[in-house]
Amino acid sequence: MENQPVLPRRRNRAVTITAVLVAIVILTSLGTWQLNRLAWKEELIETLDSRTGMAAVDFAGLSTPYKEHIWRPVTLGGQWLPATGLALGPRTLQGQ
């Protein structure tokens with residue numbers, strides 16, 4: 001039976017410590033990312049709740065930038081032209 005070289009115990013320990021430190025860094029960064037995402041999501045939900053509860057404004061009269069009206073109810077006016085209507089039925093991705 002051949003004797004196989006054995007890695008020194010000190011080297012095994014260094015590899016293990018390095019792997020643990022890399023794992024800690026990765027998991028900490030993922031946790032931080034999740035907390036930042038939570039704050040963003042809570043702000044988005046708050047914005048959605050406050051804007052959807054606002055009174056509807058006339059779309060034609062909007063003069064401020066579009067971003068200020070995201071999630072806000074608007075009213076539209078128009079005229080129905082039945083001769084130009086197009087009825088579409090259900091479709092599949094295969095076009096059948």
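**Notes on the predicted model**

1. Confidence first. Within the protein chain, H1 has the highest confidence, with a mean of 93, while strand E1 (residues 57-58) has the lowest, at a mean of 84. Bear in mind that this is a predicted model. Over the protein chain the mean pLDDT is 85, and 89% of the residues reach 70 or more.

2. On to the fold. You'll find 1 helix and 2 strands in the protein chain, and going along the sequence they come in the order α-β-β. The helix, H1, covers residues 9-52. The strands are E1 (residues 57-58) and E2 (74-75), with a loop between E1 and E2.

3. Have a look at the nonpolar patch on the surface. Val22, Ile26, Leu27, Leu30 and Trp33 make it up, and together they have about 510 Å² of accessible area. Leu27, one of these residues, sits in helix H1. Is Leu27 buried or exposed? Its relative accessibility is 59%, and the cut-off for exposed is over 50%, so Leu27 counts as exposed.

4. One backbone angle to check by eye: Trp71 has a phi near 70°, which is positive although the residue is not a glycine. Where is Trp71 found? The residue lies in the loop between E1 and strand E2 (74-75). Trp71 has 46% relative accessibility, and because that value falls between the limits of 20% and 50%, the residue counts as partly exposed.

Key. Residues are numbered from 1 along each chain as its sequence is written. This is a predicted model: local features need pLDDT of at least 70, side-chain atom pairs count only at pLDDT 80 or more; totals for chains, interfaces and linings use all residues. Side-chain values use heavy atoms; hydrogens and water are left out. Patches are made of residues with over 30% relative accessible area and no salt bridge: like charges are joined within 9 Å, nonpolar side chains (Val, Leu, Ile, Met, Phe, Trp, Tyr) within 5 Å. Accessible areas come from the Shrake-Rupley method with a 1.4 Å probe; for residues, only the protein chains shown count as cover. A salt bridge is a side-chain nitrogen of Lys or Arg within 4 Å of a carboxyl oxygen of Asp or Glu. Helices (H or I, at least four residues) and strands (E, at least two) are DSSP runs, numbered from the N terminus. Buried means under 20% relative accessible area, exposed over 50%, partly exposed in between (1.4 Å probe, protein chains only). pLDDT is the predictor's confidence in each residue, from 0 to 100.
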